[in-house]
Amino acid sequence: MSTRTELRDFYAVLGSEPSATAAELRAAFRAAVLRHHPDRTGGDALATRRTSILNRAWSELRDPVRRLHYDHALERGAAETLAWPLAGGEAAAPQPRRRVTIPPRSRWHTPEFRSVEGFRVPVEVFLAGPAAQNAWIVTHHIDGEDWRTHKERYWLRYAARHYRERGRLDDWLGAQERLVELDASFDTLARANLRPAYLAAREFLRGIGFLRTAAERYAPGSAPRRWVDRELRALLAEYRDQRVRRGAPVERAEAAELLLNYLEALDMEPGFADVRAAIMAHLRAGNRDRAAELLERAVAGPIREPARWFSVVQLLTEAGELDRASRLLAEIARGDHPEALNRRRIRGDPARRIGAARMRLERARGRQRAAAARRRTA
């Protein structure tokens with residue numbers, strides 16, 4: 001006939017409470033062993049089984065670390081229990097109700113969320129893939145919010161990409177600029193890729209001013225400063241091509257002066273293309289004195305690159321100074337400027353360049369004669 005049993009936790013087996021001290025727990029174990037030892041009960045099988053179970057419970061609770069783990073399991077309601085054998089006619093003892101305490105939730109432990117680009121996304125959305133993740137982030141964290149109120153760099157990076165993909169150029173620029181202002185590292189400035197944003201929004205002067213301020217973070221001559229200077233040069237070139245070479249004559253002349261002022265403020269020497277565009281803009285606007293002043297500055301300046309001699313001839317030709325252009329071209333052909341005839345240094349055939357310059361001169365003389373004839377017949 002099988003013996004009846006009841007399930008008891010380790011403390012109930014020893015006849016103690018979880019709040020007992022180590023000394024109290026040891027005393028309870030000794031009392032239970034003396035009470036159920038086979039020598040005191042005539043060596044029956046029930047006493048032997050009970051003693052074995054007492055030893056099992058005591059071996060677990062006597063170790064402080066193992067007892068701690070058992071207590072945690074008991075609080076969660078997941079503690080191991082033992083089958084305590086009952087004597088014939090013995091009623092099962094009522095089990096003590098253990099109070100299960102739920103530990104306070106930690107904000108770091110959120111298994112129902114996953115991280116996507118710094119945002120907490122529900123697990124089911126995370127498992128649905130990138131499209132669902134992006135849609136959830138936009139709905140819950142981007143739409144209806146203003147980038148001006150955010151300081152989190154991960155938020156600004158995500159929002160800037162969101163604005164760019166949807167053609168919201170002003171918000172795209174604003175988020176990128178704020179990101180660069182918050183993070184002074186060169187890596188953030190380079191990754192922001194501001195120049196395409198300024199070009200797309202046609203905010204040339206805004207970009208020049210912002211990059212100029214950003215350049216002040218880096219020492220002159222350093223690699224980051226050279227990178228910013230190249231970006232400024234490229235942005236100024238776009239401004240020149242869009243505003244100085246195109247548009248109404250008066251607006252072109254104003255844009256030309258602004259371009260030269262910016263170059264001076266940035267301690268950048270105007271390139272040949274900058275001066276040429278400015279001279280042409282003033283000539284078309286009727287500002288011949290200013291055009292002549294810029295031309296003299298360009299011609300009188302030092303020529304450091306041999307190919308620049310041909311550029312000066314072209315500039316004089318386009319400005320209408322045909323006699324001066326012809327004399328300079330003759331000097332080059334005679335060898336008065338030998339570096340201009342060095343094929344390797346000018347990266348081309350000097351004879352072909354001289355021939356092309358002569359053809360431009362002849363066409364310009366033809367236009368001058370035609371204009372003079374029209375004036376005489378008017």
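Ala197 is found in helix H11, where helices (H or I, at least four residues) and strands (E, at least two) are DSSP runs, numbered from the N terminus. This is a predicted model, so to speak a calculated one: local features need pLDDT of at least 70, side-chain atom pairs count only at pLDDT 80 or more, and totals for chains, interfaces and linings use all residues. Residues are numbered from 1 along each chain as its sequence is written, and side-chain values use heavy atoms, with hydrogens and water left out. Ala197 is tucked away: its relative accessible area is 1%, so it counts as buried (buried means under 20% relative accessible area, exposed over 50%, partly exposed in between, with a 1.4 Å probe and protein chains only). Leaving aside neighbours within four places in sequence, Ala197 is in contact with Trp172 and Leu173, contact meaning heavy atoms within 4.5 Å. Val125 is another matter, as 72 residues of chain and 31 Å between C-alpha atoms separate it from Ala197.

Helix H11 covers residues 194–201, and Asn193 sits in the loop between H10 and this helix. With a relative accessible area of 42%, Asn193 is partly exposed. Its phi is near 55°, a positive value in a residue other than glycine. Most residues other than glycine have a negative phi.

Asp183 is buried, at a relative accessible area of 12%. Its side chain makes a polar contact of 3.1 Å with the side chain of Ser185. For the record, a polar contact is a pair of N or O atoms within 3.5 Å; within protein, one must be able to donate a hydrogen and the other to accept it, and residues adjacent in sequence count only if both atoms are side-chain atoms. Once residues up to four places away in sequence are set aside, Asp183 touches Arg153, Arg157, Thr188 and Arg217.

Asp9 is another aspartate worth a look, this time in strand S1 (residues 5–9). At 8% relative accessibility, Asp9 is buried. A polar atom of the Asp9 side chain lies 2.9 Å from the backbone nitrogen of Tyr11. Arg120 is in a strand too, namely S4 (residues 119–122), but Arg120 is partly exposed, with a relative accessible area of 44%. Between Arg120 and Tyr154 there are 34 residues in sequence and 12 Å in space, C-alpha to C-alpha.

Then come two residues in helices. Pro249 has its place in helix H14 (residues 249–265) and is partly exposed, with a relative accessible area of 37%. Apart from neighbours within four places in sequence, Pro249 is in contact with Ala281, Arg284 and Ala285. Met280 is 31 residues away from Pro249 in sequence, and their C-alpha atoms are 9.6 Å apart. Ala135, in helix H7 (residues 130–142), is partly exposed at 42% relative accessible area. From Ala135 to Pro302 the count is 167 residues along the chain, and the C-alpha atoms are separated by 59 Å.

Now for the whole protein. Its secondary structure comes to 20 helices and four strands. The radius of gyration is 44 Å, well over the 21 Å that the globule rule gives for 378 residues, so the protein is more spread out than a compact globule. That radius is taken over C-alpha atoms, and the globule rule is 2.2 Å times the number of residues to the power 0.38. Along the principal axes, the C-alpha atoms fill a box of roughly 145 × 45 × 35 Å.

Of the 378 residues, 37% are buried. Among contacts between residues at least 6 apart in sequence, 59% join residues at least 24 apart. The accessible surface comes to about 22700 Å², and 50% of that belongs to carbon and sulfur atoms; these areas come from the Shrake-Rupley method with a 1.4 Å probe, and for residues, only the protein chains shown count as cover. As for charge, the mean positions of the 69 positive and 51 negative charges are 4 Å apart. Here Lys and Arg count as positive and Asp and Glu as negative, while His and the chain ends are not counted. The place of each charge is taken as NZ of Lys, CZ of Arg, CG of Asp or CD of Glu.
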